[in-house]
Every structure is written in structure tokens, then in C-alpha cells.
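Here is a friendly briefing to read with the model open beside you. Please have a look at the structure first, and then we can walk through some of its features by topic.

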Amino acid sequence: MKMNVTQKLIQSHLLSGEMVPGSEIGLKIDQTLTQDATGTMVMLELEAMGIDRAQTEASAQYVDHNVIQVDNKNADDHLFLQSATRRFGLYYSRPGNGVSHPVHMQRLAAPGKTLLGSDSHTCANGSMGMLAMGAGGIDVAMAIAGEPIYIKMPQVWGVYLTGELPDWVSAKDVILEMLRRHDVKGGVGKIIEYYGPGLKNLSAMDRHVIANMGAELGATTTVFPSDEEIRHFLKTQGREEDWTELLADEGAEYDLHEEINLSELEPLIAKPSSPGNVVPVREVAGEPIYQSYIGSSANPGYRDFAVAAKIVEGKRVPDEVSFDINPTSRQLLTDLVKEGHVASLLTAGGRLHQAGCNGCIGMGQAPATGRNSLRTTPRNFPGRSGTLEDSVFLCSPETAAASALAGAITDPRTLDMPYPREHDPEEPTIDVQLLDAPLPYEEAKKVELYKGPNIASIPDMDPLHDKMEVPVLLKMKDNISTDEILAGGARVLPYRSNLPEISKFAFEIVDRSYYKRAMEQRGAGGHAIVAGYNYGQGSSREHAALAPRSLGLRVALAKDFARIHWQNLVNFGILPLTFANPEDYDLLQQGDILVLENLKENIRNSSEFMISVKNSNRQIPVQHALSSRQVEIMIEGGLINWVKKNNEHAGEEVKDGKRVCEACHGTGKQADEEGWQYACTVCNGTGYVTGGQEEVRVADVDRTKRILD
């Protein structure tokens, strides 16, 4: 069978299921990535599960979101994360080392590997010929523990690239073109794979820019081949030995097809307040701006800053413009200083910030109320900048720099200067001083976790009730983002390890009364929310599910869900249902009481059932997309409860040479003539198997099979 790159990556890591779009598959994870806004909860989950040491090839914890230390909270959590990585055997990237995605690309990413990260932009490392996906924190914790990630097999969307980018057009305009064509739902249920002759004109970091914002299309991930360009990138990073070629077979097929002629692109911009609201820059030229912001994981490369520096060199931005420079890694900043680019940016009026996510996640650099902000960041959801009534445009570094000089949105093609073609240095600085390697196991076992006063344990969660009467506390529109469900920014994220406190911010952008009303309803059996299409788009932060769950959210009924948030809802025992008939959305109002009966039987036996509205004759057919495994997770009240229950069944008797599976009480296959014993065919191997005198837990060694004595 001739395969594309995506199929090769999936097949080489497939532990369960078949590569049929829409069916559940289990994948082995080689590497994980966590950042401090989500990683604190991941480390607490590892502790709660009793994990001794990371079972992955490489797992890294980055401190890049919460680097502003206005009080003790962030600093205390940094110490907690440092102690946890030492205890569990992870890399630790210290504050100031940079944004997780480009740093991981430089130091740990490897072609042919899988990467799971508790950040939705983990997909950026698909630029390296990896299967790199964002997920909720607890899914990443399970991967660190050696468990598979379960996803619905996506369609593979082949995007054929031809031509070469014109002057004043760069990689950001490529992904904005995809968003212009397909909006924020266009990639749902799909992996985007770029191929074709146009690839030879895109650097590794150009590919990073494009792969990063595949998340804004709703895609499962983005994949590029590992070709000579990736080999060259790894060579410049002193890691050529990590390169392997990974190309699509000649004649490989794709489920969907797209073509982009790079030569035909022009500068594009996403207007407020959606990454999919894309128009040519020329259509909004002349709009005055307050801020021009360069940096973030969506434009993290050396050339992104160097081009901007060349555009403003010897000039000065107007006094009324805040020209914010957000370096994305310590290594990058060192090279920009060496080449004089930082001096050019500062002399032009730039404000230099520390290496990290910063303004992209609303952690500083918030714009003034009612003023336009141009940003090279990946998202412009309402309030994400840190200013509630913000007006954020997304654009390339070329457009941001040109507009900074003019004090208004400017098509960079109108500048009276030759296009500065800047390239990554052939011998970049290699800086690993702030990336701590895992401790040896014997030394790691002696490390005690440091817990500051801001860390609170995850509360117990009750199982699914067989009958629920839950009022609709919120009815929301389409494309509600996780930033609107639970905001980021300097006010909120310091409470990421304190669930009772962070829950107070839930849905405040949608309805400031939600927290009070949810607390009043919590003791009465919980509540439901209703939403339109693409509910939960954006960030992977599991707090957007965990915080409402702690406030009593039990049912989320929407027209459809964004992938990662849907998974997070399942993981924390919130039942995600969709309207069988989307027009039934109009039948429900805030305050209606939904009646759900025989729930356990309904979700076990059918993907569709009826719910009713109390004190009315309204009957609404709803659907769920849970696998049989996820049904049991839901019934237990979430993944944490499910794992605890599984652990309670260790030590059951052996029957006919096979141990009863502790997870589902089924038995695995008999050993074949070659001596292989397969994991339980019912639950994909989460239980114990036995052979001869030896009892082995499948997850301790390999998720597929193990030789037995």
C-alpha cells in the first residue's frame, strides 16, 4: 500500500483500531510536552496516579506562560514544577528559556516520532515530520505513564504546494490563506499534510508557522515530510544524528485535496475577533493602530524578527504606537543581539520583553480599550489579549512592522524599500543552560515535591447519575472558545493549580453571573449548558472543563464540539451530547430544565436517545460519539475515577492461563506458537496478563505485546 506521511506515522505507532476515518484508534506516544499553565495539574495527576517515572522516550516541562512574577504564586509553582520534573524524570525548561514549541523543535523534536502536548499548538512540531498533537493535561499525564492516546482516526487532507512566495509575503500568509478559505472549523476531523514542489521554498521554521496555526482550523494536527530541509535544520542545531527521512510514497492518496500556488498569495490579515475572519491587508489599510506586536509561537523564527528589524532600521515608530517585541527563545534572542537586530528594533522605539508566551496568552502587553492591536500571534478570540473589549488583528511580521512605522494598518508592498530577505543563521547559538535534563532514577526517587500555598488537590468527582434534571444555566452561540469558557491572562492563570479559585472565572466573558448561579445550583444536582457549532475551540487547557465540572456542570449539549475540548469533557465526566437535529437548538432557552433518564443504559446501548424538557411536551433527540471505553469512563465520573477503579482490581485470579483484565474483567488472547501474549482484546491492554511464573503489566513494557517466559 502506498502511504502518505501521516499514514506512515500512524501505522508505525498504532496499538489498537484501524486506520478508518471516524473509528477510534490507540497510538503509542514517544514524547510529551507540558507548559506551566497546564503542567502543574499534569504533575498533580502523576502524583495522584502513583507514577514512579516517565515511560516516554522524552518528556519536557516548559515554563513559558506564567513568567510574570507579581507575587508568590507563579514563583512557587515554578519550584513545584522543577521538583516534579526531577522526581518523575522529565526535562525542565526554566523561565526565560522560551516558548515550548520552538524550543522543543530545536532541542528534542525528531522525525518519525509522536508528540502529545497539553497545549493546542503542540501541532507546530508537525513541521519536523512528527505526529504532534495537542490534548488535555490528563491525557498527557496518561501518556507520560506509558498509556496510549485514543483519538478518532482523522481524514488526511493533502495540500499540494507549488510556486514560491513573492516579496513581502511569508509563511503566516500561507496559513491565513487556509483560514480565509475554510474558517475555524475547516480542519475538524482532519490531519493536514503539506506536500509538493513548493515545499523546497519553505524553511523548517516557515513550516513551524504553518503547522502551528493548523490548530486555528480545528485540525487534529498538521504534518510535513522530513526532507533535506529538516536535515539541514537539525544539523544547525547540532542534532543531525536525530534526522531520518520520512516522505510520502510516490502516488500516495489523500482523503481530501487542496492546492495552493504560493506565487499567487498576497499579504493577509485576520480581523477581530476570529482567526478565520481573513481579508487582504489592502482592504483594511489605513485603520489606525495602538499596538504592533511581533513574536509568539506563530512567528517564532529568527527571520521573523530579523525582517521586522530591517524594515524599521534607521526609522522611528510614532509616539502613539506601542511596538512590542516578544522573543520566543533565549537562543533566538542571543542570535538577534549578535547580528544587531535587537539594537535596530530598540532604536526604532521597540519595547523588548522576556522570552515567553507573554501577550499571546494575555500575560502582559494588553492593548488599550477600544484601540486596534496588530499581532503575529495565532489567536484573537475576544478578551484573549488581556483587554476585555479588545480589537486584535493577526498578521505577518512584515505587515506588523510596516504598520508600526505608519501608525496604521499598512500593506507592506507599499513600502519604499527592497524586500529584506533574511535567513536563519548557518551557525546559530546552541544554548542548553536553561534546559535541565532528567535526573538518574536512583537520584530522582529521593526528590520530594515542593508545594506552595497556591496548590490545591483535585476534588473527588461523583459518578454519572442514571437520572438527571439539570437546568440550562447558559445558552451560547457558535465558536465559543476556551478563552471565553475560562480566560487566560495574568488575572487567571496564576490559579491554575488552585481549582476552587480558578473556577471563579468560569464563563465570565460570556456571563458574569454564571459562577454565582452555578454555586447555587451545585447542591441541587448540577446543571447543563447549550451551545452552537464548534463549542470549545482554541486552547487545550483542561481547566475549561475541570472548572465548570467542579461547579456542577454535568451535561454539555451543542451542535458540535472542538476535538480537544470534547475529549476534556469526557475525561472529567461531563456528558457531551449533540443535537440529532441542529435546528432543535432553537427549542431550548436558558432556564429550561433538561430531563435525562436511563442514562447508563442509553449511552451503553445506543449513540442516540431522547431527552425531554420538564413541564413541556418537548422531546429532543440527542447523540453521543463515545467509544465503549469512553462510555465506561463517563459512567465512572471521569478518567481519574476510572483509573482508580482499575487499580482496585489488581491481583485477580488467573483463568486458563490468562489473568482476568483488571479494567474490564475480560481475558486476553492465548499465547501463539511464537510465544507472544496479546493485551486484552476488550480494553486494549490496560490490565494484567500472565505467562509461566511471571506476571507482567502490559503498560510497563509495551502496549502491544510482550515475550513471556
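How many of the eight residues of strand β9 are buried? Six of them are, which leaves β9 (residues 155–162) mostly covered. Please keep in mind that this is a predicted model.

**Strand β9 and its partner**

- Strand β9 pairs with strand β10 (residues 190–195) in the parallel sense, and six bridges hold the pairing.
- Within this pair, Val 159 has Tyr 194 of β10 standing opposite.

**The open sheet of three strands**

- Three strands make up an open sheet, ordered β1-β2-β8, with antiparallel pairing.
- The edges belong to β1 (14–16) and β8 (149–152); each has a single partner strand, so one side of each has no neighbour in the sheet.
- From one strand to the next, the twist averages 45°.
- β1 and strand β2 (residues 24–27) run antiparallel and are joined by two bridges.
- If you want a residue pair to click on here, Leu 14 has Leu 27 in β2 as its bridge partner.

**Helix α2 against helix α3**

- Helix α2 (residues 36–49) packs with helix α3 (residues 72–88) at an angle of about 45°, and their axes are 10 Å apart.
- On the α2 side, the contact involves Asp 36, Gly 39, Thr 40, Met 43, Leu 44, Leu 46 and Glu 47.
- On the α3 side, these residues meet Asp 77, His 78, Phe 80, Leu 81, Ala 84 and Phe 88.
- Sorted by class, the residues of the α2 contact with α3 are seven nonpolar, three polar and three charged.

**Helix α2 against helix α5**

- Helix α2 also crosses helix α5 (residues 137–144), at roughly 50°, with the axes coming within 9 Å.
- That angle makes α2 oblique to α5.
- Here α2 passes α5 in a right-handed crossing.
- From α2, the contact is made by Val 42, Glu 45, Leu 46 and Met 49.
- From α5, the contributors are Gly 137, Ile 138, Ala 141, Met 142 and Ile 144.
- This contact of α2 with α5 has seven nonpolar residues, one polar and one charged.
- Leu 46 is listed in the contact with α3 and in the contact with α5.

**How covered is α5?**

- Helix α5 is mostly covered, with eight of its eight residues buried.
- The buried residues of α5 include Asp 139, Val 140 and Ala 143, along with Gly 137, Ile 138, Ala 141, Met 142 and Ile 144.
- Just after α5 comes Gly 146, which takes a positive phi of about 100°.

**A buried methionine**

- Met 634 sits in helix α20 (residues 628–636).
- Its relative accessible area is 0%, so Met 634 is buried.
- Which residues is Met 634 in contact with, leaving aside its neighbours within four places in sequence? They are Leu 464, Leu 569, Val 570, Gly 573, Ile 574, Leu 575, Pro 576, Ile 603 and Leu 626.
- One of these, Leu 575, is 59 residues away from Met 634 in sequence, while their C-alpha atoms are 7.0 Å apart in space.

**Backbone features worth a look**

- Pro 272 and Ser 273 are joined by a cis peptide bond, with omega about -5°.
- Ser 273 belongs to the loop between β13 (268–270) and β14 (278–280).
- Asn 358 is not a glycine, although its phi is positive at about 50°.
- You will find Asn 358 in the loop between β17 (350–352) and β18 (372–375).
- With a relative accessibility of 2%, Asn 358 counts as buried.
- Asn 615, also a residue other than glycine, has a positive phi near 60°.
- The loop between β26 (608–613) and β27 (619–623) holds Asn 615.
- Is Asn 615 buried or exposed? Its relative accessibility is 76%, so Asn 615 counts as exposed.

How values were computed:
Residues are numbered from 1 along each chain as its sequence is written. This is a predicted model: local features need pLDDT of at least 70, side-chain atom pairs count only at pLDDT 80 or more; totals for chains, interfaces and linings use all residues. Side-chain values use heavy atoms; hydrogens and water are left out. Axes are lines fitted to C-alpha atoms, for helices over the stretch in contact, and angles run from 0 to 180 degrees between N-to-C directions. Helices (H or I, at least four residues) and strands (E, at least two) are DSSP runs, numbered from the N terminus. Contact means heavy atoms within 4.5 Å. Ala, Val, Leu, Ile, Met, Phe, Trp, Tyr, Cys and Pro count as nonpolar, Asp, Glu, Lys and Arg as charged, and the others, Gly among them, as polar. Two strands pair if DSSP finds at least two bridges between them. Buried means under 20% relative accessible area, exposed over 50%, partly exposed in between (1.4 Å probe, protein chains only). Angles under 35 degrees count as roughly parallel, over 145 as roughly antiparallel, 65 to 115 as roughly perpendicular and the rest as oblique. A crossing is left-handed if the near helix is turned anticlockwise from the far one by less than a right angle, and right-handed if clockwise.
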